[in-house]
Every structure is written in C-alpha cells, then in structure tokens.
Amino acid sequence: MTPLSFDQITLENSFVSELRGDASGLAGARQVPGYHYSHVAPTPVADPHLLAWSDELGDYLGLARPAGRGPAVAALAGNLVTGSMRPFAARYGGHQFGNWAGQLGDGRAIGLGQVAARDGSRWEIQLKGAGPTPYSRRADGRAVLRSSVREFLCSEAMHYLGVPTTRALSLVATGDEVVRDMFYDGNPQAEPGAIVARVAPTFIRFGNFQLLAALGEIDNLRALADYVLRHHYPELGAPSPDTYLRWFAEVARRTAVMVAHWMTVGFVHGVMNTDNMSILGLTIDYGPYGWLEPYDPEWTPNTTDFGSRRYAFGQQPRVALWNLMALAQALGPLGADPQALRAGLEVYVETLNTTQHELFLRKLGLTPLDPAGDRALTEALPAALAGPQLDMTIFFRQLAHLAPTLLAGDPDEATFRPLLDQAAYAQDPEQAQPTYDWLRRYALRLRREAASPEAIREQMLRANPKYVLRNYLAQQAITAAESGDLTPLETLFTVLKTPFDEHPAHEALAAKRPDWARDKPGSATLSCSS
Ligand code: AMP
Ligand code: MG
C-alpha cells in the first residue's frame, strides 16, 4: 500500500455519527447541555509549515511524510478541512486540583475523525491548538510552540519507552503569534504558535462521563459508555450493568499499569485532573510534566501545584485512585452496583503493586525466585534512591553495566562508589549509607540468578533506558526551534526513538542534569500557561 498524503485520506467519524452533537454553530464560549460534542470548524492560521513528523507513526497509519508546506500541512493545521473530516470539540468536565470544575471540554483541541491503520485499527486524529470552540472559556484556543514541542517529543518518547500513551504525528508552526503570560507575573509576551496532531484510539476522558452524570444526563451517559464499550472494549461483551462493572475494573487495571510505568521511569504528569485521565489508561495531555532528576517523591515541576504538591511524583498512585473513585461515582447511574464498583478499585491497587514490582524486577535483572524477599527489596528501593538523590535513569543504566562485576565477587563500598558518583546529585556521603546497604543486599540476591552475567546485563540494558526527555534538553530544543534551528529537536527525537540503545555521538543527551538547569524556568519549573 503506497502511503497517502494526509489531505488524501478518508476519515471515519464514529464519535460524531454515533453520539449527540450540538450543531447550533453558535459562536463564543458557552454551556452546551444535552450534547456529547459540538460541531466546530478549525480557525485557519497564517502560514502553516511542518516542523516535525513522526515517520514510524505515519508509516503505521499509511501516511506519507508531507512536504514543508502544502495541502497535507494545511490539513494538519486546520486550514484545509477535507470532505471526510467532521471536526468536533468534545464536551467534558472534571475535578481540577480536587475541586469540581463543571464543564471544561475541548477548548483548543479539535477532532477530525478516525484513520484506519495498516492493521485495521482505528485512530482518532486531533489538532491541539486549532482555534476556539464553545469550550474555550476565556482562552484563545491556541497553543504555543514551546508547549507543542514538549507534547510532541514526550508523547513519542513515552511510546518508545513502552509507557501507554497518546501519540503525536506532526508538529506544525502556524506563522501566527500567541500571547502568553508564562510566569503569571503580568508580563504577557508574544510567542510563536504551533499545532500538534495527536493520535489515539480515542481522547475520551473520565471527565466526559463525570459531566453527564453530574448534570443528570443519564441517556447521554449510557450512550457514551456504550460507544466506548463498542469501539474500545468489544471483548467485554454487550453493554449491561455487569459489563459496566467489568469495564470499570479494566479501566482501573489499565490506569494502574500506566501509573506503574510512570513510577519506574520517573515521569511526573503534573496535572492529574480527572479531565486529563484517559478512559483507555493512556498518558494524555502533556502540559507541565517533568522527569525526575534527583529522586524525590515530593517533586513536581508544576508551579501551580507548589503549594499543595497534590500531583507530586510520589502522589501519583494515590491520585489515580482518587480519580478512579470519581469515575466510579459517575458510572453509578448506569445501574452498576456501587459495592461491586469497589472491586475495580481493588483491581487498581493490586495491579499497581504487582506491575510496579514486576517492572522493578526487570530493571534489576531479577526473575521471580523469591516473592517475599524480592518484594522487600523493591519496596526498599525508593528510600535507597532518595537518600543520595539518585538520577534513576543513570543509576539503573549503570547498574546494568555493573551487574557482571557484582556477579563475579564480593562487592564492597568501593565497588559501588563509581555508580553513586555518576548518579547522585547529593554531595553528602552519609546520605548514601542506606543505599550501599541496599546495593549489597541486591548483589547477594542477583547471585542467585541462573542466567549468565552477560545475559543479565543485556536484559537489564533492554529494561533501563539510557535516554529520557530530560527537562532541560526539551527546553534547549525549544529555544533552538524558536530561533529557527530544528537540529536539537531532530537529534533529541531520533535518540528518544531508541532510548535503550547506545548513541555514541550523543552521550551528552544521557548526562546528569547540569547545575545551571536546576531551577531554570521551563526546565525544572513549568506553569500551566501553554
Ligand atoms: P489543561 O489544564 O491543559 O488540561 O486544560 C484544562 C481546560 O482548559 C481544558 O478544557 C482545555 O481545553 C482548556 N484550555 C487550556 N488551554 C486553552 C486555550 N489556550 N484555549 C482554550 N482552552 C484552553
Ligand atoms: Mg487537559
């Protein structure tokens, strides 16, 4: 099958044709009771041109890489709406920082329809930053280049790390300026605008269900649940109160798997509001997210959350559970027994613990030989990482290289010191004592493995990425892109597609965060302004 230009493909429109749409076409932000979505038109931009394209995702979807300018890029910017596109903005609500916020909805994201991939699966294409919708509230419907680069790179990086996530197909500059008060300090600045074409089976969130339940739109609630079951959980069978229960448990299971991945790669989402929780258990809405540098459960990059740290790294498992409870409440009106919905929450807790444990075992090169002892070992890991403020990525990667040495003999502190020198941000050696103790315990345990040292090392290298999207690297790629140099973005993107491989020409991208980047805005601290 020859790849097609994006403007030549035929999209399907199940969301629009099977759910209730507001076709009033009324301009302006407003409440839209009674509907799942609004028909909208993207607002054209001045000069759309392609900045980045995900070749592998494009190939999978049967799409050709577009030229810098032309009809495909016009379609990816919302300037060209083809005959098979039926653009829409979904209506949803959500809890923001624990408070019910009422109607939110796609305020700047516009869905175009679904494309059929080579394997027959269907993928929704959504343009983020394509202009105002009835859900824009007081905002402009646009996105700036910096936040779009971050979303583009991180969604793809997460995919290649094996973390469940939405994808990004293209990054298009609009040629328009967008005004943002990045630091919320009364200094708005004009910044270049951009649009990311996001890709996922669906972008439906917990909040879509919550809003319908909160307003008593039970027929709409049922229609949405049945739509999701039909298209995204067909294996669960025909909709019924029982099916809803099994579905909720499956959403809980997938959410747990997602969060377990976050906790083992050091990803902090930053805004785990219920409107940012995918009904498919995918990482969604890359805003003020960040990657742990010094291991610290209290860390969040989101300046809006500095006070309460609700969405800090170590809080994520608890917050996802809270969000699932909110979803369970929204599904109550469908006739599912509330007591039985509780079983889904137990599935969450159980899956989170097992998955996190299994992922850590893999990272440590261990096979399940000693369930109780191994649990204790992985549960003691966070404290061992936190003491010397280890960089998780560097620590695990170097541990893989050290494994054959640990297997060969009796390691002591001197064996481990280079590892800590490479990975620790803390200077105080006293904080490292529990880490040395943990490492000794680990080395003893590793010696019970049957595989050869080389096989263990290889397996660990497959489980521990060398490259993650370090906060300051994303910022460097942004700064260069803002001044017209796409090379750092392209290099970073290439490396992040094979994060478990060595890239000798790009050792610098695997280095520990430099000191200057510690508190730098855009690197370590991010606002929601995007
Ligand atoms: P977020 O915190 O990015 O998940 O966004 C929360 C809500 O604000 C969602 O309903 C978004 O669609 C909306 N929103 C965020 N930024 C904009 C914007 N620039 N224009 C319109 N709506 C926005
Ligand atoms: Mg959002």
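1. The side chain of asparagine 79 reaches the backbone nitrogen of valine 45 at 2.7 Å, in a model that is predicted. A polar contact is here a pair of N or O atoms within 3.5 Å, where within protein one atom must be able to donate a hydrogen and the other to accept it, and where residues adjacent in sequence count only if both atoms are side-chain atoms. Asparagine 79 sits in the loop between α3 (71–76) and β4 (88–90), helices (H or I, at least four residues) and strands (E, at least two) being DSSP runs numbered from the N terminus. Leaving aside residues up to four places away in sequence, asparagine 79 touches Pro44, Val45, Pro48 and Ala74, with contact taken as heavy atoms within 4.5 Å. Its C-alpha atom is separated by 9.4 Å from that of aspartate 47, which is 32 residues apart from it along the chain. With a relative accessible area of 29%, asparagine 79 is partly exposed, on a scale where buried means under 20%, exposed over 50%, and partly exposed in between (1.4 Å probe, protein chains only).

2. On conventions, residues are numbered from 1 along each chain as its sequence is written, and chains are lettered from A and ligands numbered from 1 in the order in which they are written. Local features need pLDDT of at least 70 and side-chain atom pairs count only at pLDDT 80 or more, whereas totals for chains, interfaces and linings use all residues; side-chain values use heavy atoms, with hydrogens and water left out.

3. The chain is divided into domain 1 (6–203), domain 2 (207–361) and domain 3 (367–530), with bounds that come from an automatic or database domain assignment. Between domain 1 and domain 3 the C-alpha centres lie 34 Å apart, and 30 residues of domain 1 are in contact with 22 residues of domain 3. The two domains bury about 2200 Å² between them, 71% of it on carbon and sulfur atoms; this area is the accessible area (1.4 Å probe) that two parts lose on being put together, summed over both.

4. Across the interface of domain 1 and domain 3, seven residue pairs are found in polar contact (both at pLDDT 80 or more). On the side of domain 1 that touches domain 3, at least two residues each are supplied by β3 (49–53), α2 (55–60), α4 (145–161), β9 (167–180) and β10 (189–200), and α4 gives the most, with 12 residues. The count between these two domains is one salt bridge, a term that requires a side-chain nitrogen of Lys or Arg within 4 Å of a carboxyl oxygen of Asp or Glu. Lysine 497 forms a salt bridge with glutamate 56, with the closest N and O atoms 3.0 Å apart.

5. The structure as a whole holds 32 salt bridges. One of them joins arginine 230 to glutamate 18, the closest N and O atoms being 2.8 Å apart. Because arginine 230 lies in helix α6 (residues 218–232) and glutamate 18 in helix α1 (residues 14–18), the pair ties together parts that are 212 residues apart in sequence. Arginine 230, at 44% relative accessible area, is partly exposed, and glutamate 18 counts as partly exposed at 34%.

6. Glutamate 235 and arginine 254 meet through their side chains in a salt bridge (3.9 Å, N to O). Glutamate 235 lies in the loop between α6 and α7 (241–265) and arginine 254 in helix α7, so the pair ties together parts that are 19 residues apart in sequence. Glutamate 235 counts as exposed, at 52% relative accessibility. Elsewhere, salt bridges that share partners join Lys128, Glu151, Arg198, Arg205 and Asp285 into one network.
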